[in-house]
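Have the viewer open as you read.

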Amino acid sequence: MLRVGMLTSGGDCQALNAAMRGVAKGLSSNVDDLEIYGFLDGYKGLIYGNYRLLTSSDFSGILTKGGTILGSSRQPFKLMRTPDENGLDKVEAMKQNYYKLNLDCIVILGGNGTQKTANLLREEGLNVIHLPKTIDNDIFGTDVTFGFQSAINIATDAIDCIHTTAASHNRVFIIEVMGHKVGWLTLYAGLAGGADIILLPEIPYDIKKVVGAIEHRTKAGKGFTILAVAEGAISKEDAKLSKKEYKKKMEKSPYPSVSYEIAAKIGDKLGSEVRVTVPGHTQRGGSPTPYDRVLCTRLGAEGAKAILEKDFGHMIAMVNNEVRRVPLENVAGKLKTVDPNAQIVREAKLTGISFGD
Ligand code: F6P
């Protein structure tokens with residue numbers, strides 16, 4: 001009998017279901033005696049023993065379905081060692097629930113924080129397989145995370161829609177793209193959507209340069225400008241602040257997000273209106289793209305293979321176009337950011353896109 005647990009943790013994204021299906025099909029096609037337990041709402045389910053036995057019908061028809069059939073929640077890694085409001089030791093509780101069900105392994109789907117907890121459980125002696133999920137694409141050790149390509153499509157669609165209205169009204173438009181503290185999603189959607197200016201957390205901007213780029217377009221007879229701005233974009237001055245100082249500044253800011261601050265600054269300097277569009281959580285929603293479906297089927301299948309070979313403690317990653325097992329201890333806690341000198345950034349600049357630097 002093979003007993004496998006599964007959970008999805010952190011912000012959801014497209015293709016979580018496709019990845020779980022990949023694992024389940026990879027196992028059920030090769031093992032007769034199999035039980036898969038799904039823990040509900042992320043680590044919460046593992047901590048409090050909320051789970052259900054999943055059957056083949058749970059995994060049927062979910063390749064194309066967004067969200068997660070198990071539900072998800074954020075359980076910050078830094079609080080994992082802090083007892084809950086009733087004094088419960090969360091790590092101990094997770095271990096007990098794992099042992100109670102006599103699991104051979106637990107498959108954990110999630111982003112950076114989730115991965116850190118997965119590694120902690122590995123250190124505590126549990127057999128863990130991690131599958132790298134996030135629209136942010138910021139997990140170190142894998143070329144790509146699932147959800148990223150699907151989110152690029154949605155953010156690009158948003159930019160495409162703004163393009164037509166911006167052109168009709170000769171306006172400056174900002175589209176704020178998700179990505180937490182990294183700029184992958186903004187960079188790719190910005191390029192795919194033909195943004196004129198792309199602002200990323202990794203390349204602090206100078207507002208004078210941003211305004212200069214808009215004026216340059218106006219002089220060239222272009223009546224509108226599209227800016228793709230990462231939700232974590234930061235000015236050169238703010239980048240000099242300590243984390244604490246910046247956090248304080250943001251808390252006091254009258255603007256709902258960085259894009260509105262940038263819009264106000266541009267508006268002041270140009271004396272014209274700047275509109276902001278925030279596609280927000282739509283970027284995490286809907287059906288996964290064919291790319292993500294294929295990626296997840298491959299990662300899931302390899303996850304199943306690792307389980308069958310009893311080779312635990314890995315993230316199943318995509319490295320140089322090959323699916324690989326990457327030891328969790330080598331990657332947990334590391335962030336994959338955009339290199340400001342990366343080829344893709346240099347190419348973008350060559351085509352005239354301004355990064356405001
Ligand atoms: O990590 C995925 C992500 O969508 C980020 O891009 C974004 O900053 C964050 O989650 C939003 O989190 P929440 O859903 O908790 O508002």
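## Pockets and a cavity

Helix α4 (residues 112-123) makes the biggest contribution to the lining of the largest pocket, with five residues. Helices here are DSSP runs (H or I, at least four residues), numbered from the N terminus, while strands are E runs of at least two. A word on the source: this is a predicted model, where local features need pLDDT of at least 70 and side-chain atom pairs count only at pLDDT 80 or more, while totals for chains, interfaces and linings use all residues. Numbering starts from 1 along each chain as its sequence is written, and side-chain values use heavy atoms, with hydrogens and water left out.

The search runs on a 1 Å grid over the protein atoms alone: a cavity is a set of points where a 1.4 Å probe fits but cannot get out, a pocket is an open set with protein on both sides within 12 Å along at least five of seven lines, and lining residues have an atom within 4 Å of a point. Points are joined across faces, edges and corners, and a volume is the space filled by probe spheres set on them.

The largest pocket holds about 870 Å³ of space. It has 32 lining residues, and Arg74, Asn112, Gly113, Asp136 and His180 are the closest to its centre.

The second largest pocket comes in at about 660 Å³. Its lining has 20 residues, with Lys181, Gly232, Ile234, Lys243 and Tyr246 closest to the centre. Here α9 gives the most, five residues, and α8 (236-239) also supplies at least two.

For the classes below, Ala, Val, Leu, Ile, Met, Phe, Trp, Tyr, Cys and Pro count as nonpolar, Asp, Glu, Lys and Arg as charged, and the others, Gly among them, as polar.

| Space | Lining residues by class |
|---|---|
| Largest pocket | seven nonpolar, 14 polar, 11 charged |
| Second largest pocket | nine nonpolar, four polar, seven charged |
| Largest cavity | seven nonpolar, one polar, three charged |

Back to helix α4, where threonine 117 sits. Is threonine 117 buried or exposed? Threonine 117 counts as buried because its relative accessible area is 0%, the cut-offs being under 20% for buried, over 50% for exposed and partly exposed in between (1.4 Å probe, protein chains only). Beyond its neighbours within four places in sequence, threonine 117 is in contact (heavy atoms within 4.5 Å) with Tyr43, Phe77, Met80 and Met94.
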